[in-house]
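Here is a friendly walk through the model shown below. Please keep the 3D view open as you read.

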Number of protein chains: 2
Amino acid sequence: MSLLLVAQHRDMKPFRDAILEKDSNMDVEIWPEVQDPRRVQFAVAWNQPKNLFGQYPNLKAISSLGAGVDHLLADSSIPDPIRITRFVAPSLSDQMSDYVLTAVLNLLRNTEEYYRQQKQSEWKAVPFFSKNDLAAGVMGLGELGRDTAERLQMNGFKVNGWSKSKKEIDDVVSYSENELNEFLSATNILVCMLPLTNETEGILDLKLFKMMKQPAFLINVARGEHLVEEDLIYALDTGLITRAVLDVFSKEPLPDSHPFWSREKITITPHIASLTNPKEVAELLVENYKRLLSGMDLLYEIDREKGY
Amino acid sequence: MSLLLVAQHRDMKPFRDAILEKDSNMDVEIWPEVQDPRRVQFAVAWNQPKNLFGQYPNLKAISSLGAGVDHLLADSSIPDPIRITRFVAPSLSDQMSDYVLTAVLNLLRNTEEYYRQQKQSEWKAVPFFSKNDLAAGVMGLGELGRDTAERLQMNGFKVNGWSKSKKEIDDVVSYSENELNEFLSATNILVCMLPLTNETEGILDLKLFKMMKQPAFLINVARGEHLVEEDLIYALDTGLITRAVLDVFSKEPLPDSHPFWSREKITITPHIASLTNPKEVAELLVENYKRLLSGMDLLYEIDREKGY
């Protein structure tokens, strides 16, 4: 029986090494080098090729290499009985909270404008927002969203949170699904941390931007498909959105010719807000592999109906 | 009796308005428009012209407009009996902590490198430091330094602190004056928040950089005179210092021709880490003015011998 690591454009050897370091008896293979497809029982996948999973008749479970599972849910080659799990770890949440906090502080303090001024040897103080002027709002209060909301709050920001079911977080004003309007009208800096589902795809559109409190800023660290790209361009051009920080895109790597690259009001990072640490994920994978073999519940299994 | 506001290259009207809003009976003048020099009892000064204060025979106290008082202590026209106070406020500390936290996070997460890549439409993840890899060290644990050390710690950083007398701060490893070597050899990201005195002038020199833990980073938010500029250039060129973030300079505005401007490893901001809010300072000034007139102790009076 084997555990199969599947990813495109990513070196999976550090993950295999970390798993073997945890348990040297494990049989770990890296796609496409598979000795015998019938032996594959557990797979770990990120950006996997289309229609791959039909080939493994004894596959029982697939784990995402990250917090999101949309790439697995959208893959129709994965038969229904196959269980899907995702990766959750303190370091993932912490990196994500750091990324969002950094983005928010840089928006507040005009970091990018000062970099630009330095290139011109220009010494000029730029008016800046105080924390009291702007409220942050986190959409999606799962493990990552909750940690980010808490970190922003701890650093003195006013924070709103919006999620399907209302969450209780100290000093965070929480809104439920049908209070989206109220949430947006109290939020200047919108941080998208939603899972990607049929309901959330394209949620960041012009209609939503118009409901936000002015001045409005957007940070997307969830999935590119949450955003209607042409609506963001329009919102930036008309001043509806002042600035956007994007770590995720509907097509990654972002194509050379994409208009986002050259927009001064958009800050782009190459999907690096939170990166999976091989050592940390190895621990969870070994645990879940053993649980699978002994017929126990899996950790961080997702509900394929709900999509998270 | 009047209160005199003195500053060069700075609009002092918002400060006068804020003081009058606090107490409309105050007599507030803005230098150089002084009706009768004999009536000036209390002055507020920032970047004042040289040898000004000899002209006011009844001047009893001078307040700095910021946390630093080096510009007042270095002014030989201020007779000894004149008391000197400084400005301390939660918003000053909070802005400073935000600035340092932003700088530290940007160093960790390669923000500037991603801005550069975006200009080239380049999609490439850059290896980044984890919080566990680098320890921050705050030099100077006064009101501002203490708040910054606490904020970095609260955000998950390992933090050392160095000050003349050892300070007790939760989860911050504190070193005293004669433990500078130990402090530096445990510190990767050095944050200078010292007062400028004869003892601290030029403290950031090659000898000190050599004692730091590698990789080493420098953040200076105190005074330009703490830094030996040519030593920093040498340390950056030889890789002894990886990157520096500077908000203060020995000559401000930083001259057009200064070599710092064009260095890729130096990030420059125009002395904006922490800016005095007129409303907040007005409260303290009115209070201290009244205390002076009634012969009471002044708030935040400094010891002119010690220099802080």
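## Helices α3 and α5 of chain B

In this predicted model, α3(B) passes α5(B) in a right-handed crossing (the near helix is turned clockwise from the far one by less than a right angle; left-handed means anticlockwise). The two helices span residues 90–109 and 143–154 of chain B, and their axes come within 9 Å and cross at roughly 45 degrees. Axes here are lines fitted to C-alpha atoms, for helices over the stretch in contact, with angles from 0 to 180 degrees between N-to-C directions. Helices themselves are DSSP runs (H or I, at least four residues), numbered from the N terminus. The pair is therefore oblique, a label for angles that are not under 35 degrees (roughly parallel), over 145 (roughly antiparallel) or 65 to 115 (roughly perpendicular).

On the α3(B) side, the contact (heavy atoms within 4.5 Å) includes Leu92(B), Met96(B), Val100(B) and Val104(B), while α5(B) brings residues including Leu144(B), Asp147(B) and Arg151(B). By class, this contact has seven nonpolar, three polar and five charged residues. Ala, Val, Leu, Ile, Met, Phe, Trp, Tyr, Cys and Pro count as nonpolar, Asp, Glu, Lys and Arg as charged, and the others, Gly among them, as polar.

## Helices α1 and α9 of chain B

Helix α1 (residues 13–22) packs against helix α9 (residues 278–293) in chain B at an angle of about 55 degrees, their axes 8 Å apart. That angle makes α1(B) oblique to α9(B), and their crossing is right-handed. Among the residues in contact are Phe15(B), Ile19(B) and Lys22(B) of α1(B), with Val281(B), Leu285(B) and Val286(B) of α9(B). The contact divides into nine nonpolar, no polar and four charged residues.

## Two copies

## Domains of chain A

An automatic or database assignment gives chain A domain 1 (2–89 + 276–294) and domain 2 (91–268). Their centres, taken over C-alpha atoms, are 32 Å apart. Eleven residues of domain 1 touch seven residues of domain 2.

## Conventions

Residues are numbered from 1 along each chain as its sequence is written, and chains are lettered from A and ligands numbered from 1 in the order in which they are written. Local features need pLDDT of at least 70, side-chain atom pairs count only at pLDDT 80 or more, and totals for chains, interfaces and linings use all residues, while side-chain values use heavy atoms, leaving out hydrogens and water.
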